[in-house]
Structure formats: C-alpha cells, structure tokens
Amino acid sequence: MTSNNYKKYGELFQVDSDHFEEFYALLHDTKLLKSDFFLKQGEKCKYLGFIKRGTIRSFYINDQGREINFGFYFENEFFTDYESILCDTVSNMNIQALENCEILLLSKDSLQDLYKKEAYWQQFGRMMSEKIYLDAKKRIDDLLCFSPENRYLNLVKKQPALFQKIAQKHIASYLGVTEQSLSRIRSRIVN
C-alpha cells in the first residue's frame, strides 16, 4: 500500500516506492521564521533542506559588504550549500528564510549512511549532484552570457511567481544590477 507521504513527495524526492519509507524516516520536520538563518557564512552546512511551505534565499556578502543573491527556493524545492556538505568546509554562503517556512531536513550523516547501504542510494546521490551542478551552471551562464535585460526577461519567463514573492532589492541583486537599473529595465520593457 502506498503511503500518503509517498503520494505527496515520492516523485519530488525522486525516490522509488521500495526505498521511500527508509528515506522519509530520516527526515526531520522543522520551521524557520521569517529572517531566520538556515546557514550563516563561516558555518559548516550539515543538512539538505526541502521546503514544504515558504520561500528561502541563498546569498553571499561581497568584499564591499553588499549582499549578492545567488538563488531563491520555493515550495517543493531542495536547498543546501552542497559544496560545504561535500567538502566538509565552512560555507561562504548564507541561507535565510524570506517568510515563515516549514522544511524537512536530511542530515549530512544520514545521507552518507544511505550512500554506504546500496548502489540505489549512490545513484540517487549522483542524480542529486548532477541537478545541483546543472542549476549552478545555468546560473553562471546567465550571469556571463546575457545582458541584464535578457537576464530579467529569462527570469520573467522561467519564474514569474518570483516577482510576487521576492522584494525588488533581492531581485536586482540576483540579476547583478542596482534597484534603479532594474526599474529602468522594467520600464523599457513595459513601454
């Protein structure tokens, strides 16, 4: 018999029904309040997170002390600092709740234990790593290959809901422009 949790999360987690309960039993429900940090620069990341409800951002602080947004994560998406988990190093990244969030956590140690159990979990880890790599590559390609206006248009096309949930200053930072430049881009496109 298929559990309600499998019906809800099985496909999102990309875990088959034979392995789902083993995986789900390792997850811990927790909450973050708006502005709470999941991870601060200088800490080691110990968890992979999955958003049940809410919005989270990841950002860096540059050498001028400005916040540079790297990513936004919404309901039914995973988030973490995979480099910190993979290399067991302190993070250069901050991960913060933009609104009250309900999340599921998988500890780094539990993930490593799964990898040791059987080839299925190693394949799961590889697929997860490949997705994280491809998402990061797309982000880098966006910044290197497209003008700010095209980055804005791509964002409108790929994530239109982002503009209802994320403050203008965070979107501008994510696009690599000032708030004033973002306003000019938006007015050029509208007119």
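I began with the lining of the largest cavity, to which strand 3 (47–53) and strand 8 (101–107) each give at least two residues; strands here are DSSP runs of E of at least two residues, and helices runs of H or I of at least four, numbered from the N terminus. The model is a predicted one, in which local features need pLDDT of at least 70 and side-chain atom pairs pLDDT 80 or more, while totals for chains, interfaces and linings use all residues. Residues are numbered from 1 along each chain as its sequence is written, and side-chain values use heavy atoms, without hydrogens and water.

I then looked up which residues line this cavity, and found Phe13, Phe23, Leu27, Leu48, Phe50, Phe78, Leu104 and Leu106. A cavity is a set of points on a 1 Å grid over the protein atoms alone where a 1.4 Å probe fits but cannot get out, and lining residues have an atom within 4 Å of a point. The largest cavity holds about 30 Å³, the volume being the space filled by probe spheres set on the points, which are joined across faces, edges and corners.

Next I turned to an open sheet of four strands, whose order is 2-7-4-5 with antiparallel pairing; two strands pair if DSSP finds at least two bridges between them. I noted strand 2 (37–39) and strand 5 (67–73) as the edge strands, each pairing on one side only. Strand 2 pairs with strand 7 (residues 94–97) in the antiparallel sense over two bridges, and Phe37 stands opposite Gln96 in strand 7.

Technical notes:
On a 1 Å grid over the protein atoms alone, a cavity is a set of points where a 1.4 Å probe fits but cannot get out, and a pocket is an open set with protein on both sides within 12 Å along at least five of seven lines; lining residues have an atom within 4 Å of a point.
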